[in-house]
Amino acid sequence: MGHNGSAGGPGKGPGHGISRRSLLIGGGVAAAGTAVFAADEIRRAWWRVPGVEKPRKAGELDYTPARWIAASEANWRRADRPDDYGVDRVIVHVTQGSYASAVKVFQDPAHRAATHYIVRQDGRVTQMIRELDVAYHAGNRSFNERSIGIEHEGFVDRPEDFTAAMYESSARLTASICRRYGIPVDREHIIGHVEVPGTDHTDPGPHWDWPRYMRLVRAASTSGTLAG
């Protein structure tokens, strides 16, 4: 807030002291900011209000080609995205194990982490968390709130694990997610777990073929036949 030549009290020169008007304006701005913050917090906490529950169906899919296997509720939290948190990232992970082992740990409440989707080496897609909910997958609260996480079956040091079927299936899934949320199809918005600030993970690793993957996502984005 800038200075006003008449802002000072008696005996004060220009730019010194705080007028009643300044206090009122400052208080009004603070009150408005507090009100906006409170309203935002209330909007994000809709599920805590007794009797308020967004309609949900057990096993409902966001991506129709997928099959549903529910993750433990300890590995995600209920939300109302994109109404409460805007979704602007897709985060690529690698399981460091088999598809079956990933499903098992995501169903384990002690694991405290899971992604929305898993893509098998044969291209089969499994959804374990609704896109409207926040999955614990990125190791960064802000990125968890704003992203969709996709695991890929395999190990980061085995390039042969990243099959053509996996790349193509995952690319169609990512293109579908980008279309639903208006996410740009670029490397700023489609990232690896290793690129999340503060992470200690290295996936998807040096053998993940980003140029190939992005070509496939762009091709799927313009095909006009995306599932949703």
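Which residue forms a salt bridge with R187? Select R187 and E195: their closest N and O atoms are 3.1 Å apart. A salt bridge here is a side-chain nitrogen of Lys or Arg within 4 Å of a carboxyl oxygen of Asp or Glu. Colour both ends by accessibility. R187 is partly exposed at 31%, and E195 is partly exposed at 35%. The scale is relative accessible area: buried is under 20%, exposed is over 50%, and partly exposed lies in between (1.4 Å probe, protein chains only).

Before moving on, note what is on screen. This is a predicted model, where local features need pLDDT of at least 70, side-chain atom pairs count only at pLDDT 80 or more, and totals for chains, interfaces and linings use all residues. Residues are numbered from 1 along each chain as its sequence is written, and side-chain values use heavy atoms, with hydrogens and water left out.

**The sheet**

Switch to cartoon view. Helices (H or I, at least four residues) and strands (E, at least two) are DSSP runs, numbered from the N terminus. Look for an open sheet of 6 strands, in the order β1-β5-β4-β7-β3-β8, with mixed pairing. Two strands pair if DSSP finds at least two bridges between them. At the edges sit β1 (67-68) and β8 (190-192), each pairing on one side only.

Next, select helix α2 (residues 99-106). It packs on the sheet and touches β1, β4 (117-119), β5 (125-127) and β7. Contact means heavy atoms within 4.5 Å. The direction of α2 makes about 170° with that of β4. Axes are lines fitted to C-alpha atoms, for helices over the stretch in contact, and angles run from 0 to 180 degrees between N-to-C directions.

Now pick β3 and β7 (residues 147-152). They run parallel, joined by 4 bridges. Click V90: its bridge partner in β7 is I148. Then find helix α5 (residues 210-221), which lies across β3 and β8 and runs at about 150° to β8.

Select D88 and R146, a pair whose closest N and O atoms are 2.9 Å apart. They link distant parts of the chain, 58 residues apart. D88 is in the loop between β2 (76-77) and β3 (89-92), while R146 is in helix α3 (residues 141-146). D88 is partly exposed at 25%; R146 is partly exposed at 23%.

Go on to E160 and R158, a salt bridge at 4.0 Å, N to O. E160 is exposed at 55%, whereas R158 is partly exposed at 37%.

Finish at E60, D62 and R130, linked in a network of salt bridges.
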